[in-house]
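These are my notebook entries on one protein model, written while I had the sequence and the coordinates open side by side.

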Amino acid sequence: MNLNLLLLICGVLLLFCVFANRISDRFGIPALLLFLGLGMLAGNEGVGKIQFYDAKLSNHIGTVALIFILFSGGLETRWNDIKPVLIRGTILSTLGVIITAVALFICSYYLLHMNFEVSVLLSAIVSSTDAPAVFSIMRSQKYDLKSDLKPILEFESGSNDPMAVLLSTGALSLLSAPEFNTVSIIIDFVLQMTLGVAFGLAIGKAAVYTLLKIKLSYMGLYPVFGVGMALLTFGLTQSLHGNGYLAVYICGIIIGNDVFLYRRHLIRFHDSLAWIMQIGMFLILGLLVNPSELWNVFFISLGCSICLIFIARPCAVFLCLYGSKYTFHEKIFISWAGLKGAVPIILATYPLMINFPNSQFLFNTIFFLVIISVLFQGKSLNFMAKHLRLYKR
């Protein structure tokens, strides 16, 4: 494709996505769903006729986008808000993901009679609450919820992706090479999480120390410093076998909760960058799917969504929050806010990259499941909060 034409299309799509937020606000349709729709519309079966089937490139673009989305989410997360929910949020983002995956596997394999390998991968891939979806919907709607509902949802969604990534890659390794040692997965998980927390804290503290000690020559360099720190944190942590996603999120929290010159300017820039990354990621993922193939997985995706929303996610929430201060209505809302988004679609590209059996079917199923989750759960969050009387008066 001609470079000028490609740039023109990119510009038009970005502007469409910008104004799509107005449509989202007016009609209550989650913006993320509109971004996906525009990507599908621009794809090979849409009006744009863009032929794009590169799962590896999509995976890489999604990884870069998630780095900046999580970093921005960390910058805007106030430590005083998440401190009271740190323990319960951590339990939800680790044990809760495992419980969700196990419960969904039981439902998909024994109730829906899905293929064993597909059931395992599907359960692992969609087990986490999606950070971009939660950050976007919760913050755009300006929910003023009671108790610590908003902090625990944002903290859980920002910190549970590492567990989903580990479960997904571990499941794929086990299915691809049955001799793969299960014990090594557990050791790998502990190592990744420990190094992720350690590097996130250390690099975040070093970044703050640098900003306090060294005054940069121009205001515009502060956001560039943030970009560099986000990439450095992820790259260094991943290279040393830690979890870069967790490290980036923690690094963002450390930097965002300190006081330094042009702090607000840096945070605003990264908020805009996160929107660009989010739009680009959903557009690319929309291009990757053929809409005509989705109807073949409609009923199985619907069945998986029902099991996930009404069985797997509530089981995880009620077990992980057992004995906590949260009321029954608050647990119901936390269960309902277990949105799925770009992360499961990105993880679903891993089987595509290695041509795993039934990988296209798995990808389409997860893609449709995400659409159902964002449309059904995302659109009804406001209604659920009002119905459960969780808004502050």
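How many helices and how many strands does the secondary structure of the protein come to? I find 19 helices and zero strands, where helices (H or I, at least four residues) and strands (E, at least two) are DSSP runs numbered from the N terminus. I note that this is a predicted model, in which local features need pLDDT of at least 70 and side-chain atom pairs count only at pLDDT 80 or more, while totals for chains, interfaces and linings use all residues. Residues are numbered from 1 along each chain as its sequence is written, and side-chain values use heavy atoms, with hydrogens and water left out.

**Overall fold**

Along the principal axes, the C-alpha atoms fill a box of roughly 60 × 60 × 50 Å. Of the 393 residues, 55% are buried, meaning under 20% relative accessible area with a 1.4 Å probe and protein chains only.

**Helix H6**

I then turned to H6 (116-125), where seven of the ten residues are buried, so this helix is largely enclosed by the rest of the structure. Among the buried ones I listed Val118, Leu121, Leu122 and Ile125. Their cover includes H5, H9, H15 (298-320) and H19 (359-387).

**Second largest pocket**

Which helix gives the most to the lining of the second largest pocket? It is H9, with six residues, while H5 (86-111), H6, H9 (161-176) and H10 (182-213) each supply at least two. The lining has 17 residues, and Ile98, Leu167, Ala171, Leu174 and Ile185 lie nearest the centre of the pocket. I sorted the lining into 14 nonpolar, three polar and no charged residues. The volume is about 430 Å³.

**Ser72**

My last entry concerns Ser72 in H3 (residues 55-75), which is buried, with a relative accessible area of 3%. A polar atom of the Ser72 side chain lies 3.4 Å from the backbone oxygen of His270.

Methods. On a 1 Å grid over the protein atoms alone, a cavity is a set of points where a 1.4 Å probe fits but cannot get out, and a pocket is an open set with protein on both sides within 12 Å along at least five of seven lines; lining residues have an atom within 4 Å of a point. Grid points are joined across faces, edges and corners, and a volume is the space filled by probe spheres set on the points. Ala, Val, Leu, Ile, Met, Phe, Trp, Tyr, Cys and Pro count as nonpolar, Asp, Glu, Lys and Arg as charged, and the others, Gly among them, as polar. Buried means under 20% relative accessible area, exposed over 50%, partly exposed in between (1.4 Å probe, protein chains only). A polar contact is a pair of N or O atoms within 3.5 Å; within protein, one must be able to donate a hydrogen and the other to accept it, and residues adjacent in sequence count only if both atoms are side-chain atoms. Contact means heavy atoms within 4.5 Å.
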